[in-house]
Amino acid sequence: MTRAGWRLIEAMARCLAHEERDAVLGDLAEAEESAWAAARDVLGLIARRQASLWRLWQPWVALVGAALLAGGAIRAIGWRLAADLAMQISTYAKYGVRFENGLTATQETVVLLCLAAALAGWSWTCGFAMGSLAGRAVWIPGAVFGVVMLNGPRIAVLLLIPALMGTRAGLRRRVLPADAAGAVAAAILTITVLVIRTGGWYAHAHEVWSGGLWRGQPPSLPAWQLLAAGWPAMWLLTAAISPTKGKVKTT
Amino acid sequence: MLGEFEYLLLTAAARLGDDAYGAAIREEIQEATKRPCSIGALYTTLDRLEAKGLVSTWMGEATPQRGGRPKRMVRVTAKGVREAAAFHAAVIRVSRGVSWATEFSARQS
């Protein structure tokens, strides 16, 4: 087998668990197979391993619950941040003044910072849940999460960074220590409450700004979006304090 | 009841004894069946047999021939021996009197 062929086989084998990877690569080296036959063998084993992982419920929760549902909610909320930022930036660039939406400059800054912090936090916990639940099957929920984000506002691409960090942490630790999980959940809850509270400023400001015409407008962020984006943080806490410590059968 | 491939794997591992590991078992099966044995089938079946308690596996020593990588050693457990014997007995019983079995016996004698 050529050196390049062997490098390719080694790269593919990284999808396997550490010990199995060593055993399989050793067997292939001993068998002196062609690169094509070895690649077919490794791919076959990876496919079987992936198929067996998807017989469990955890990767499905990671895919549907985290990548699609939480990812979709994060993206939807990301649109809100992107729209507000774009409005302020374009107004300032064109006219040299802030876009007047009824909020003071300080209020506007607090609203946007809370929203940005919440999006980063939700993305991290969503990534953690994907890594922890899906284990070696994470590349499918991870790819779906990436596609969901890339179909969102440009700013959502930035959210892939905390999501990737969370996924790495989830793959390594699977379950956080109870105190760390509690701190993360408390931080996410606090920032979510702040997002709801500061979101209310908008509703009030718009009501004042419109002379009462917009009274009773629904809150700017629907509850389902906040719940969908926030459930991974609650899961992270539940897994940390449950008697089974969130043990999953994934390899 | 064992599956056909599970029986082949158990038998190959039992025949190899202390030298039973992935590549050697694979070669043994390929020689016996004259058919290719994929690494995927081998390792997933090994996992299944280990989960059933029919074999035990552990990581063995590394050799230069294997690029310094360890072997996954295999040992058939007492339960594995009983299951393989039961499968073999069932094959012998069900094959009694059929043409290919009598022809095979005649060729052997």
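**Cores.** I looked up the largest nonpolar core in this predicted model. I found 51 residues in it. Those with the most contacts inside it are A62(A), A70(A), I74(A), A129(A), M130(A) and L236(A). I then asked which helices of chain A each supply at least two residues of this core. They are α4 (58-95), α5 (105-134), α6 (139-150), α8 (178-209) and α9 (223-241). I noted α5(A) as the source of the largest share, 13 residues.

I followed A62(A) next. Leaving out residues up to four places away in sequence, I listed A67(A), A129(A), M130(A), L133(A), A134(A), V138(A) and P141(A) as its contacts. Another core, of 33 residues, lies apart from the largest one. I picked out A12(B), I25(B), I29(B) and L54(B) among its members.

**Helix α3 of chain B.** I checked the length of α3(B), residues 39-51. Its 13 residues should span 18 Å at 1.5 Å a residue, and its end C-alpha atoms are 18 Å apart, so the two agree. Which residues of α3(B) are buried? I got I39(B), L42(B), Y43(B), T45(B), L46(B) and L49(B). They cover an arc of only 165 degrees around the axis, so they sit on the same side of α3(B). I recalled that an α-helix has 3.6 residues a turn, so residues three or four places apart point the same way. After α3(B) I noted G53(B), with a positive phi near 80 degrees.

**Chain A against chain B.** I found 15 residues of chain A in contact with 16 residues of chain B. On the chain A side, α2 (18-31) and α3 (35-53) are the elements that give two or more residues. The largest share, eleven residues, comes from α2(A). I sorted the chain A side by type: six nonpolar, two polar and seven charged.

Terms used
Residues are numbered from 1 along each chain as its sequence is written. Chains are lettered from A and ligands numbered from 1 in the order in which they are written. This is a predicted model: local features need pLDDT of at least 70, side-chain atom pairs count only at pLDDT 80 or more; totals for chains, interfaces and linings use all residues. Two residues are in contact if their C-beta atoms, placed from the backbone, lie within 7 Å. Helices (H or I, at least four residues) and strands (E, at least two) are DSSP runs, numbered from the N terminus. Ala, Val, Leu, Ile, Met, Phe, Trp, Tyr, Cys and Pro count as nonpolar, Asp, Glu, Lys and Arg as charged, and the others, Gly among them, as polar. The expected span of a helix is 1.5 Å times one less than its number of residues. A residue is buried if 20 or more other C-beta atoms lie within 10 Å of its own, exposed if 12 or fewer, and partly exposed in between; C-beta atoms are placed from the backbone. The arc is that of the directions from the helix axis to the C-beta atoms. A nonpolar core is a set of buried Ala, Val, Leu, Ile, Met, Phe, Trp, Tyr and Cys residues joined through C-beta atoms within 7 Å.
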